[in-house]
Amino acid sequence: MARYTHATIDLDALKHNFMTMSRCSPNSKQVVVVKADAYGNGAVAVAKCLQNHVDMFAVAFIDEVFELREAGITQPILVLQGPHQEQECELTNTLNIVWMLHVEQQLNWINKRIKNNELSNMHHWVKFDTGMHRLGFMLEDYTRLHEDYAHIFHPKTVVVTHLATADEPENKASLTAIHQFLNVMVDRHSCLSIANSAANICLPESANTWNRMGISLYGSTPFENGEVSVSLEPVMQLNSEVIALREIASGESVGYGATWTASKPSVIATVAIGYADGYPRHAPIGTPALFDGIAGELVGRVSMDMLTFDVTHIENVEIGTKVELWGKNLPINEIAKHAGTIGYELMTRVSKRVPRKFL
């Protein structure tokens, strides 16, 4: 018998979130981002669940394409980092890949193959930098690039940018970036992509030919303040159970380094999950978990395979009591806030040794 620890993946919630986000921009096509194993939710399961609704999937690099193709996913797959090596371009047709091109070396690789009639798919994406300063060409280079790589800048090629501050709704820099981008593209190129999850929710000006749906699909808010104006449902719930109970006296300590000391007689529950499973090791004392729906507080350091919680105030906790680390009743962003990180990181770091159970 395996331990109870697992992540429940609610595919009905996934569909709900997809439909909800699609309604934010009904005239746009949607790219569903399934990089990093669909943010830890299972790329194949997510893609199969949505394959009849989605125009295109997206991954970070070519290695993530293979699993989807082996599972029978047939939609075009956008590779967000583009080809890392020239020989990867040879798989463009075989794997039905759409490349995100962001450096001139990549433009040369693809342009050469189009001119030699080696590629049937001409409709790649070309990225421009509007302030993220991570990937992409500068906007002032658009005219030159369009002239030098006319085979790539086909009317159905998507010209794309990524907003640096879309997750800060009050920050006007996003609107400035959108206007700069659109001013360059007006009367030049009409097949565009600007919006990620945050922009799709709070910046209607960003809606265009294609939107890129990431964290919102999995039911987590993309905003730092946690507020979201659309109804999203958590897809992942991280579950475990109590495997031991301790009654300790006032003055006794718990865990490595004795970092927490009981101020009164206390009941300590040991839970079968730890940092090897992806729970953040730096989660501080006081981080909550739900014991049959009632919050207990983390005490002592996070161990590789176990956590300890003060459940003194909770009645009827026993070995086998079910524990929700985050999910439908305890938002992942609340745990992230305690741990000084973001929900994205927690979700993607749930390790492979935690089984996914799909509903």
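Tutor: Happy to. Let's start where strand S1 meets strand S19 (residues 356-358): 3 bridges join them, and the two run parallel. Strands here are DSSP runs of E with at least two residues, helices are runs of H or I with at least four, and both are numbered from the N terminus. Two strands count as a pair if DSSP finds at least two bridges between them. Before going further, please keep in mind that this is a predicted model, in which local features need pLDDT of at least 70, side-chain atom pairs count only at pLDDT 80 or more, and totals for chains, interfaces and linings use all residues. Residues are numbered from 1 along each chain as its sequence is written, and side-chain values use heavy atoms, with hydrogens and water left out.

Back to S1, which covers residues 6-9. Its Ile9 has Phe358 as bridge partner in S19. S1 also has another partner: 4 bridges join it to strand S11 (residues 236-248), and this pair runs antiparallel. There, Ile9 stands opposite Met236. Buried means under 20% relative accessible area, exposed means over 50%, and partly exposed lies in between (1.4 Å probe, protein chains only).

H3 is mostly covered, with 7 of its 8 residues buried. Those residues are Ala43, Val44, Ala45, Val46, Ala47, Cys49 and Leu50.

H2 spans residues 35-39 and holds Tyr39, which has a positive phi of about 55° even though it is not a glycine. Most residues other than glycine have a negative phi. Tyr39 is buried, with a relative accessible area of 7%.

S15 pairs with strand S16 (residues 294-298) in the antiparallel sense over 4 bridges, and Gly296 in S16 is the bridge partner of Ala289. Between these two strands the hairpin has 2 residues, and Asp292 takes a positive phi near 50° there. S15 is also joined by 2 bridges to S18, again running antiparallel. In that pairing, Leu290 has Glu324 of S18 as its partner.

H9 covers residues 332-339, and Ile332, Ile335, Ala336 and Ala339 are buried in it. Seen down the axis of H9, these buried residues fall within an arc of 100°, so they line one face of the helix. That arc is taken from the directions from the helix axis to the C-beta atoms. An α-helix has 3.6 residues a turn, so residues three or four places apart point the same way. Just after H9 comes Gly340, with a positive phi of about 70°.

Asn316 sits in the loop between strand S17 (307-310) and S18, and it has a positive phi of about 65° although it is not a glycine. Its relative accessibility is 67%, which counts as exposed, whereas Tyr39 is buried.

To place all this in the whole protein: there are 10 helices and 19 strands, and buried residues make up 55% of the 359 residues. Among contacts between residues at least 6 apart in sequence, 65% join residues at least 24 apart.

Methods:
Contact = heavy atoms within 4.5 Å.
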